[in-house]
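Hi,

Here is the structure I promised to pass on to you. Have a look at it first, and then read my notes below.

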Amino acid sequence: MSKDYTYAVARIRGRENYLLSGPAMEQLAASKSYDEALHFLADKGWGDPDERLTAENLLAAEEKKTWELIGELEEDLSAFDVFHIADDYHNLKAAIKLAYTGASVEAGRLFVTGGTIDPQVISRAIQEKDYSLLPDIMAEKAAEAYDTLLHTGDGQLCDVLLDRASLEATYAAGKRADNEVLREYAVLTVVAADIKIAVRCGQVGKPLDFILRALAPCEELNVEALAHAALGGTESVAEYLSGTDYAPAAEALKESPAAFERWCDNLIIRHMKPQKSNPFTIGPLAAYILARENEIKCARMVLSGKLNGLPDEIIRERLREMYV
Amino acid sequence: MENLGLVLALSGAAMAALLAGIGSAIGVGMGGRAAAGAVTEKPELFSKVLILQLLPGTQGIYGLLVAFVALSRIGVLGGTAPSFETGLAYFVACLPIAIVGLFSAIHQGKTSVASIGLVTKKPDQFGKAMLLPAMVETYAILALLISILAIFNL
């Protein structure tokens, strides 16, 4: 019998009212200064009143609030692993580099929280080369990446291996998920990442075998064709995409890298919007998490833009579509 | 075998009360879970979501009504024990509210849940939100009418 999310979704409906809408985000972007933007968010209930009002504190508090709420609604957070796999692989990369260089860096500065595996466990697995501490697939990739780094000293190659492993794990987690939203998220994440990789490789003139090694296979894109297109540069990638389900990405790519990044995020949010009228499944919870992450990302961009004195137009063109 | 008519009629009455009651319990249960979620976030919505939660409860009452009327005519609470043919007729007469009551209450419960979501996001839309699950009630009322008309004309 499938799990009942009626109570959880009703609570999410109540919380959706407090998500920042498009006009609210525009208002934030129109703040005259960094401090005004911070106070705008604080007035909307963002942050922890007991902490000093800074962008880091404010955004960290919001991320914490999101996961505290989801933790109240769903005891088994493994359903949302698909959102955290990238954090695990980021920590794995950091642990491997740390072990390779022998540097002594405070763990909090290297590792991100929120992954499914304790960063200390990842670090110990790498330091002691005891890969059995890691899940099977991750253990295999960790051993391969660390050995590659030890033999070649090529940090970029190590990153490429682990980035691809992260995307493959995300894609596999999406395939295993029993909810459409989680499956769509995984697919869109991998497709967007593959396109970005192809564009970047094309821009810096990477050879075909490197591109093929970096691209994560997925059913939605022909990675061989994408890799060959990457050799011809951004125009060629855009031309390849125009013949796929992701044709609108081609226009965004031609516009600018920032426009493409925005297109990717907007696509995910658009795919999540039908969840606003779904009262029974885990879908609205997943959509709420992504909506929160999206608004936190936008708020971070605005705050960072204001802090660095960027013109409003540049900040605005980076704003994403909001869920509400 | 001489009481087969009574057994059939009693089975019909039991089905009406049971199935419609089960449907209502499921529907009200669903509504209750959604209402609890809504009230957790917005306690001021309690009276509104309570009404929405209770809407699927009517099918159980209709089932009880039909069962009561049937019992009062077949020699249990009044009337006389029916023959086999009449007992079978009572059984069939009870089926509309039993079956429609079961399914309509479940679907009304689902619609109530959706309406509770609507009220949670837009409390000023309560009137419209209440009408949506009330539409499902139409079919339970039609089934109730047929069951009652059939029983009274036996």
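**Where chain B meets chain A**

Across the interface of chain B and chain A, the rule finds four salt bridges (a side-chain nitrogen of Lys or Arg within 4 Å of a carboxyl oxygen of Asp or Glu). Glu41(B) and Arg11(A) form a salt bridge through their side chains, at 2.7 Å, N to O.

Before you go further: this is a predicted model, where local features need pLDDT of at least 70 and side-chain atom pairs count only at pLDDT 80 or more, while totals for chains, interfaces and linings use all residues. Residues are numbered from 1 along each chain as its sequence is written, chains are lettered from A and ligands numbered from 1 in the order in which they are written, and side-chain values use heavy atoms, leaving out hydrogens and water.

The contact (heavy atoms within 4.5 Å) takes 15 residues from chain B and 15 residues from chain A. About 1200 Å² is buried between the two chains, and carbon and sulfur atoms give 62% of that; buried area is the accessible area (1.4 Å probe) that two parts lose on being put together, summed over both. In chain B, Arg33(B), Glu41(B) and Lys121(B) lose the most area to chain A, together 48% of what that side buries.

**Chain A by itself**

Along its principal axes, the C-alpha trace of chain A spans about 55 × 50 × 45 Å. Of its 324 residues, 50% count as buried, meaning under 20% relative accessible area (1.4 Å probe, protein chains only).

Enjoy exploring!
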